[in-house]
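Subject: Structure handover

Hello,

Here is the structure I said I would pass on. My notes on it come after the display.

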Amino acid sequence: MALINNIGAGIFTTLKYIEDTTTPIDLPTTDATHQAEVGTGGDLENLVAITKIRDFPSFGNPANIVNVPQYGQSVSSQISGQSDAPTLEFSLNYVPHDHNTIAGLVEDGKTYIFQLDVKNSSTGNNAAFYVKGSFASFEVTPSLTDSNQATLTLATSTDYTGPFADA
């Protein structure tokens with residue numbers, strides 16, 4: 001497979017995770033390392049999928065720009081600065097049987113590797129992105145007119161790597 005090369009909805013996009021063990025796992029940096037890591041015997045072979053995701057957030061590396069007001073000027077200046085590590089907020093169709101494990105991982109003090117795999121079709125081209133972070137919160141919202149929902153928030157601690165294509 002190759003990277004996505006056409007316009008299409010990412011309806012087969014997935015979020016998966018695995019605990020970053022006591023021997024930290026390096027994030028993939030090329031298509032070849034991605035393919036080796038998710039393949040048989042690779043460190044990321046046993047990624048666990050988070051199911052029933054309703055909405056995915058935008059993700060990537062935010063701009064490192066700081067607005068600086070200047071006395072006497074009508075327009076502020078922009079300089080390179082340091083951006084905050086972004087959080088990712090996912091909306092889930094909440095099913096306790098499927099999501100209890102995730103709720104137990106919130107604030108457990110462990111670091112996880114998250115894979116966001118953007119796909120246009122179930123077996124087609126893809127674009128896999130990786131980031132390290134933790135499960136920051138898991139909040140359930142009961143609904144009287146729609147499916148029960150949960151909001152899963154992930155706190156990131158590294159820059160993103162990717163996109164990478166499957167073999």
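This is a predicted model: local features need pLDDT of at least 70, side-chain atom pairs count only at pLDDT 80 or more; totals for chains, interfaces and linings use all residues.

Helix α2

Helix α2 spans residues 96–105, and its buried residues are His 99, Ile 102 and Leu 105. These cover an arc of only 90° around the axis, which puts them on the same side of α2. On the face turned away from that buried side are the exposed residues His 97, Thr 101 and Gly 104. The buried residues of α2 are covered by several strands, including β1 (14–19), β2 (48–50), β6 (87–93) and β7 (112–119). Strands β8 (126–141) and β9 (149–156) are also part of that cover. Just after the helix, Glu 107 has a positive phi of about 55°.

Aromatic pairs

There are 10 aromatic pairs in the structure. In one of them, Tyr 112 and Phe 135 have ring centres 5.0 Å apart and planes at 75°, so the pair is edge-to-face. Tyr 112 belongs to strand β7 and Phe 135 to strand β8, so the pair ties together parts that are 23 residues apart in sequence. Tyr 112 is buried, with a relative accessible area of 3%, and Phe 135 is buried at 1%. Both rings are in a cluster, linked by ring pairs, that also holds Tyr 17 and Phe 114.

Salt bridges

The structure holds 4 salt bridges, and three of these are described here.

Lys 132 pairs with Asp 20, with the closest N and O atoms 2.9 Å apart. This pair links distant parts of the chain: Lys 132 is in strand β8, and Asp 20 is in the loop between β1 and α1 (31–38), 112 residues apart. Both Lys 132 and Asp 20 are buried.

Asp 98 forms a salt bridge with Lys 52, at 2.7 Å between the closest N and O atoms. Here helix α2, which holds Asp 98, is linked to the loop between β2 and β3 (53–55), which holds Lys 52; the two residues are 46 residues apart. Asp 98 is partly exposed, with a relative accessible area of 28%, and Lys 52 is partly exposed at 40%.

Asp 146 and Arg 54 meet through their side chains in a salt bridge of 2.6 Å, N to O. Asp 146 lies in the loop between β8 and β9 and Arg 54 in strand β3, 92 residues apart. Asp 146 is partly exposed at 39% relative accessible area, and Arg 54 is partly exposed at 33%.

Regards

How values were computed: Residues are numbered from 1 along each chain as its sequence is written. Side-chain values use heavy atoms; hydrogens and water are left out. Buried means under 20% relative accessible area, exposed over 50%, partly exposed in between (1.4 Å probe, protein chains only). Helices (H or I, at least four residues) and strands (E, at least two) are DSSP runs, numbered from the N terminus. The arc is that of the directions from the helix axis to the C-beta atoms. Contact means heavy atoms within 4.5 Å. Rings of Phe, Tyr and Trp (its six-membered ring) pair if their centres lie within 6.5 Å; planes under 30 degrees apart count as stacked, over 60 as edge-to-face and the rest as tilted.
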